[in-house]
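Dear colleague,

Please find the structure below, together with its sequence. My notes on what was found in it follow.

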Amino acid sequence: MRIIRFILGRIILFIDWITSPAPISISEEERLRISTFTSSMVMYEFRACPFCVRVRRFMKRNNIIITTKDARKNKDYADELISGGGKLQVPCLVIPTEGKNSEWLYESKDIINFLAKELGIKL
Ligand SMILES: N[C@@H](CCC(=O)N[C@@H](CS)C(=O)NCC(=O)O)C(=O)O
């Protein structure tokens, strides 16, 4: 099972690599607006998870840079994800909220919808 998962993971990463979307062209002002919004966010992922690939491709296309933490490779990250978000499931976007606990947003579709809505990106 681990071997099949490993092979599938490599295939996913290879296809992602050869079909990687080009970032759309934006102004420096827009780039700054996006990076200011996302600078304190973190996304937990498994590198070869197809749902994480989906979010990363959306981010790349739209010039969104968010620090990622691989919860498969690093047990500390997996523990952080479980204690903060409540379960070991990726992708999970951690959104700091002023004066409150951070929001731990699961589900690739919800993460993409959140980023698109907040950054005014048309899907
Ligand atoms: N519906 C979720 C599915 C996420 C999902 O199934 N992620 C898998 C990795 S591909 C996971 O976290 N599995 C937990 C595990 O392997 O322990 C989404 O779209 O984000």
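How many aromatic pairs does the structure hold? The structure, a predicted model, holds 3 aromatic pairs, where rings of Phe, Tyr and Trp (its six-membered ring) pair if their centres lie within 6.5 Å, and planes under 30 degrees apart count as stacked, over 60 as edge-to-face and the rest as tilted. One of them joins Phe14 and Trp17, a tilted pair at 6.2 Å centre to centre with 40° between the planes. Both residues belong to helix α1, 3 residues apart, about one turn of the helix.

Please note that, this being a predicted model, local features need pLDDT of at least 70 and side-chain atom pairs count only at pLDDT 80 or more, while totals for chains, interfaces and linings use all residues. Residues are numbered from 1 along each chain as its sequence is written, and side-chain values use heavy atoms, with hydrogens and water left out.

Helix α1 (residues 2-18) also contains Ile4; helices here are DSSP runs of H or I with at least four residues, strands are runs of E with at least two, and both are numbered from the N terminus. Ile4, Phe14 and Trp17 are among the residues of a nonpolar surface patch of about 1100 Å². Such a patch joins nonpolar side chains (Val, Leu, Ile, Met, Phe, Trp, Tyr) within 5 Å, from residues with over 30% relative accessible area and no salt bridge. Accessible areas come from the Shrake-Rupley method with a 1.4 Å probe; for residues, only the protein chains shown count as cover.

The structure holds 7 salt bridges, each a side-chain nitrogen of Lys or Arg within 4 Å of a carboxyl oxygen of Asp or Glu. In one of them, the side chains of Arg33 and Glu30 meet at 2.9 Å, N to O. These two are separated by about one helical turn because they are 3 residues apart in helix α2 (residues 28-38).

An N or O atom in the Glu107 side chain is 2.7 Å from a nitrogen atom of the ligand. A polar side-chain atom of Ser108 lies 2.7 Å from a ligand oxygen, and a polar backbone atom of Val90 is 2.9 Å from an oxygen atom of the ligand. Taken alone, the ligand exposes 510 Å², of which the protein buries 68%.

The peptide bond from Val90 to Pro91 is cis, with omega near 0°. Pro91 is placed in the loop between α4 (75-85) and β3 (92-95).

With kind regards

How values were computed
Polar contact = N/O pair within 3.5 Å; in protein donor to acceptor, adjacent residues only side chain to side chain. Patch = residues over 30% accessible without salt bridge, like charges linked within 9 Å, V, L, I, M, F, W, Y side chains within 5 Å.
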